[in-house]
Amino acid sequence: MSTETSTPANTDRVFIFDTTLRDGEQSPGATMTLEEKLQVAEALDEMGVDIIEAGFPIASNGDFEAVTAVAKQVKNAVVAGLARAIPADIARAGEAVRHARRGRIHTFVSTSPIHLAHQMKKTEEQVLEIISTTVAQARNLIDNVEWSAMDATRTPLDFLCRCVELAIRGGATTINLPDTVGYAVPEEHELMFRSVIERVPGADAVIFSAHCHNDLGLAVANSLAAVRGGARQIECTINGLGERAGNAALEEIVMVLKTRGDAMPYHSSIDSTHLSRASRIVSAAANFPVQYNKAIVGKNAFAHESGIHQDGMLKNAQTYEIMTPASVGIKKTTLVMGKHSGRAAFKDKLLELGYDLGDNAFQEAFVRFKDLADRKKHIYDADLIALVDDEVGSVGDRVRLVEMEVVSKIGGTHRCDLTLSIDGQNVTAGYDGTGSVDAIFNAIKTAIGQQPHLVLYAVDGVTGGTDAQASANVRLEMNGRIVSGNAAEPDTLVASARAYLNAYNRLLIDRGAAAQGAMAG
Ligand code: KIV
Ligand code: ZN
């Protein structure tokens, strides 16, 4: 029997802190509406995430409202709100998370020499003073306080230890040492955690947390190394969403712990059969496609193409499969219904796919399903998922496509004439473009009287076959804001027009005044 006293670092439970709604949403173009954030939060809560970081309440009124709404909705997880080491930030975060059954204030300050000299223009002594006062302020508001040393991995160890010691003395219950710029390599990351935990008085009474960015493609490896070094919380996002190369991917961490318990003897509380659905929900909400070969949740993650693999798989799936598709919630895509299917069958199918729509959304989805069934012979699960995600993503759109005619002639003109409904008023416009898509996008710009800059345009088939629905993705930039839009339709040109409008509608969402300089890593 072990005589060791139990401390967070010597248990095998790893807490999963999801920051899809905060660090993930900071990814350019990944802005989500309030409804989408609530949908994501619900999926995270249902799958067993321990802590949901719902946003950065001081960043804008929209963020404050979103954190408040998530705090009110979430049933099980702790709900965290981010705050800089500034009294007004901390008060605002406290106000937003006080509605949660269990709330957390997550406050951070930079600790690396380069951040201190160039961004904060503060001395080490000033930073130490800031840590003491701001952590104590947060702790006076709530008993669950996380403190982060921004750019910890480029901070000299001695100074990092002094900072951590003060944060613990101030009342922090979780200490996060982020690899803000994705600079660490696994061995040194493990050593940093081990050293801080060994050296700082009181470290055995708090939970240490890893928060890794993926600039060198090492975010998951570094997070796991941190656990070996004593961390017991990992901060991550669904699909690895996040600024630049993103954050550590939640689904990868969960499946490493589940699949390689022999090498990584730790466990999380996540029900892995929810991973595939959560990935789809986040991808649709943030309008961020998942790369085909993305581990665990990519379209190809369980596809075996080569003859030798297929042969082995037919004989025994374990020859080439280390996890089953079912363990991450992938069901065989099945032929669903045709145009004769009724409401009850449609509802059952949606429930099986994980969608429980309210009455209005269900009616609209059913009408669109019937319309699709008239035009497309075989409707698969993937078609329904695209249809429903599309429906949910366009709720509240101010600008909608009413009619569109496109004429395209090789060597001749490419013309689009369309009618949009803008806040209920019909507006028509026409444009001769260098191609059909150019004509459509310019006709839309003429009708809306705005010139958003097109950052990205991509089209993909939802399923195989020439009658497959096209899924179009459009990213627009206007006045420094980048947003993405998505739409699925049997007609590629209509999908493109609707994706453009979906993105434009997101530009119209007033997120409220942003606090100056309120950005986090
Ligand atoms: O990357 C980072 O340092 C952050 C902090 C705000 C935790 O996101
Ligand atoms: Zn970050």
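1. **Ground rules.** This is a predicted model, where local features need pLDDT of at least 70, side-chain atom pairs count only at pLDDT 80 or more, and totals for chains, interfaces and linings use all residues. Residues are numbered from 1 along each chain as its sequence is written, chains are lettered from A and ligands numbered from 1 in the order in which they are written, and side-chain values use heavy atoms, with hydrogens and water left out.

2. **Domains.** The chain is assigned domain 1 (10–286), domain 2 (303–373) and domain 3 (396–511), with bounds from an automatic or database domain assignment. The centres of domains 1 and 2, taken over C-alpha atoms, lie 33 Å apart. Eight residues of domain 1 and ten residues of domain 2 make the contact (heavy atoms within 4.5 Å). Together these two domains bury about 720 Å², 52% of it on carbon and sulfur atoms; buried area is the accessible area (1.4 Å probe) that two parts lose on being put together, summed over both.

3. **The barrel.** Eight strands, running β1-β2-β3-β4-β5-β6-β7-β8, close into a barrel with parallel pairing. (Strands are DSSP runs of E, at least two residues; helices are H or I, at least four; both are numbered from the N terminus.) Strands pair if DSSP finds at least two bridges between them; β7 (207–212) and β8 (233–236) have three, and H211 is bridged to E235 in β8.

4. **The open sheet.** β9-β10-β11 is an antiparallel, open arrangement of three strands. β9 (399–408) and β11 (425–433) each have a single partner strand, so one side of each is left without a neighbour in the sheet. Nine bridges link β9 to β10 (414–422). Helix α16 (436–448) packs on this sheet, touching β9, β10 and β11, at about 35 degrees to β10. Helix α17 (492–508) also packs there, touching β9 and β10, at about 145 degrees to β9. Angles run from 0 to 180 degrees between N-to-C directions, with axes fitted to C-alpha atoms, for helices over the stretch in contact.

5. **A helix pair.** The axes of α13 (343–352) and α14 (359–375) come within 11 Å and cross at roughly 105 degrees. The two helices are therefore roughly perpendicular (65 to 115 degrees). On the α13 side the contact uses R343, F346, K347 and L350; α14 brings F362, Q363, A365, F366 and F369.

Definitions and conventions:
Angles under 35 degrees count as roughly parallel, over 145 as roughly antiparallel, 65 to 115 as roughly perpendicular and the rest as oblique.
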